[in-house]
Number of protein chains: 2
Amino acid sequence: MDHVWSTYRPLLDEVERHIEKGVDSEVAIINQVARYTLQSGGKRLRPLLLLISARLCGEVKPNHLRLAQVIEFIHTATLLHDDVIDNATLRRGVVPARTIWGNKTSILVGDYLYTLAICQSVAMENTQINYALSTACRRMSEGETLQLAHQCHYDMTEDTYLRIIEYKTATLLSASCRLGAIGNTSEEKQEAVARFGLRLGIAYQIADDTLDYVAEDERFGKSLGTDIHEGKVTLPLLHLFENASPSDRERLREITGQRRIYRKDLTYIIEQMKRHHSISYAMQTAQRYTDLAKRELDPFKDSIHCQALLTVSDYVVRRGH
Amino acid sequence: MDHVWSTYRPLLDEVERHIEKGVDSEVAIINQVARYTLQSGGKRLRPLLLLISARLCGEVKPNHLRLAQVIEFIHTATLLHDDVIDNATLRRGVVPARTIWGNKTSILVGDYLYTLAICQSVAMENTQINYALSTACRRMSEGETLQLAHQCHYDMTEDTYLRIIEYKTATLLSASCRLGAIGNTSEEKQEAVARFGLRLGIAYQIADDTLDYVAEDERFGKSLGTDIHEGKVTLPLLHLFENASPSDRERLREITGQRRIYRKDLTYIIEQMKRHHSISYAMQTAQRYTDLAKRELDPFKDSIHCQALLTVSDYVVRRGH
């Protein structure tokens with residue numbers, strides 16, 4: 001993966017310059033909050049996907065660099081709203097904007113970044129691009145709402161879980177890939193690349209929901225504790241609820257219903273997950289979606305840029321985003 | 001004004017049907033919250049302006065009915081977010097969505113309505129329309145942020161106050177008028193209609209900020225109390241702070257800085273406003289913007305639909321929206 005990052009570093013640096021210059025409101029506090037959040041340690045996975053996808057389908061044009069910035073603005077807008085929704089106190093080890101400037105400012109600067117991104121998209125005067133971005137934004141808000149409506153629903157079906165993560169996460173990864181392909185290749189190949197992004201996004205979110213649980217350090221308890229506290233339903237938890245004995249399920253329900261989460265309860269859940277292989281089940285599911293994603297790249301297998309996307313595919317289910 | 005409403009009632013009824021059918025998410029809670037907020041007693045001033053403007057410049061086409069719905073969705077999205085920002089417990093005498101479904105759902109359904117509106121705009125495949133709507137949305141978020149950043153700034157200049165209300169309110173009224181004119185008349189006349197909407201929007205917001213203060217019933221104290229409690233700077237308050245003697249200003253500062261607002265303090269402020277003619281100053285300013293708005297309609301004065309817009313202009317600085 002290091003090789004992929006370094007190959008695309010010059011292009012990503014150009015995207016970075018667009019990101020730095022892109023927020024230019026006459027309202028000073030907007031620039032301050034937006035720039036703070038944009039510089040809070042994101043790896044720029046979505047811009048990377050867009051750029052590789054552009055290379056895969058043709059060439060990287062100036063609009064692609066701009067679109068990579070637009071995608072990152074949309075992603076950042078969702079983070080600003082998510083952090084308010086989740087009462088987050090940390091993101092990627094950094095204090096979120098809501099802690100510094102308050103929830104209200106976070107909501108409004110999120111609105112600003114959303115609408116700025118749409119303005120920039122509209123300025124490109126390309127219907128396909130406008131469609132791809134606006135439908136992705138709508139879908140994401142549906143996914144976030146669906147997730148909120150299913151807080152603590154540990155009896156939801158796996159299909160519902162998959163729908164939530166598809167909408168809230170995979171949609172934007174899919175749009176990133178599609179935007180690299182639009183105007184660069186056939187309709188058919190555009191769809192293939194978009195489907196690749198969608199499958200990959202699902203794998204990515206499952207892995208993201210699961211990987212902290214297998215960390216050796218203190219992240220395990222912390223992530224599990226945070227998820228339970230927020231009523232966030234992850235695939236390992238869902239699997240555990242489905243496979244636990246009736247009496248264990250009763251205890252799990254008590255634990256997840258508590259206002260306070262105790263260390264001993266987390267230990268109990270971890271033991272149960274080990275017993276029922278819930279984490280390996282979740283990671284296998286992520287791997288299955290990665291494999292499905294990779295298969296979508298078959299039409300491109302003669303391209304040297306295909307390998308970069310395959311590498312990214314393995315990377316997202318391993319670690320580090 | 002009754003005559004204007006009844007003239008446009010058949011068209012507004014068609015818009016209403018678009019509004020009812022327009023929200024069609026597969027996420028049930030989104031439909032519920034969005035429909036509740038859309039049916040919370042708005043008078044549909046923005047759709048009315050769009051329709052009259054279309055008539056003034058040419059004819060009302062099917063897209064205008066759809067755009068009137070789009071504008072109302074955007075307006076409703078801002079209300080959902082505003083109510084969270086303002087901790088509102090009532091809007092137009094109705095309990096807001098945030099009280100029933102919570103702040104988080106309000107934020108996300110606001111996001112949904114914003115992005116749905118943009119999707120519908122994009123589907124019309126008209127660059128001018130996309131520009132008008134997306135830049136209006138961006139401006140509004142700037143206005144809201146500017147307002148939040150200036151909470152309790154009773155020493156702001158009148159120019160700053162005017163900029164805030166232009167961005168947060170007048171922008172969308174201006175876009176409503178422009179959308180009626182796009183494709184229906186010359187560029188020059190489109191600009192005139194847009195400027196009419198902008199001036200009218202400023203008059204509208206000043207009047208809205210002021211008129212409750214002159215009500216005979218209990219609204220006076222309530223509105224003034226709410227504004228002060230929220231740190232909302234209205235033109236009468238701004239005028240009062242500017243014109244009060246140093247010692248009175250000191251007392252005003254103490255009152256507005258309190259956590260609790262007492263009846264006797266409101267009475268004091270009202271007396272001071274009377275003494276300094278702050279309310280009539282604000283209403284004169286509103287009237288000045290109404291006059292400026294009307295003047296923009298000079299190129300249309302031979303049209304019979306011009307009279308409807310003049311009537312609306314007088315209406316917004318009188319009462320009832």
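Tutor: Welcome! Chain B and chain A bury about 3,700 Å² between them, 69% of it on carbon and sulfur atoms; buried area here is the accessible area (1.4 Å probe) that two parts lose on being put together, summed over both. This is a predicted model in which local features need pLDDT of at least 70 and side-chain atom pairs count only at pLDDT 80 or more, while totals for chains, interfaces and linings use all residues. Residues are numbered from 1 along each chain as written, chains are lettered from A and ligands numbered from 1 in the order written, and side-chain values use heavy atoms, leaving out hydrogens and water.

Student: Which three residues supply 16% of the area that chain B buries against chain A?

Tutor: Contact means heavy atoms within 4.5 Å, and 40 residues of chain B are in contact with 40 residues of chain A. More of chain B's buried area comes from one trio than from any other three residues: B:Glu26, B:Lys104 and B:Leu108.

Student: Which residue meets A:Glu26 in a salt bridge?

Tutor: A salt bridge puts a side-chain nitrogen of Lys or Arg within 4 Å of a carboxyl oxygen of Asp or Glu. The count between chain B and chain A is four. At 3.4 Å, N to O, the partner of A:Glu26 is B:Arg139.

Student: Is A:Glu72 buried or exposed?

Tutor: Buried means under 20% relative accessible area, exposed over 50%, and partly exposed in between (1.4 Å probe, protein chains only). A:Glu72 touches residues including A:Arg44 and A:Arg46, not counting those up to four places away in sequence. Because its relative accessible area is 2%, A:Glu72 is buried.
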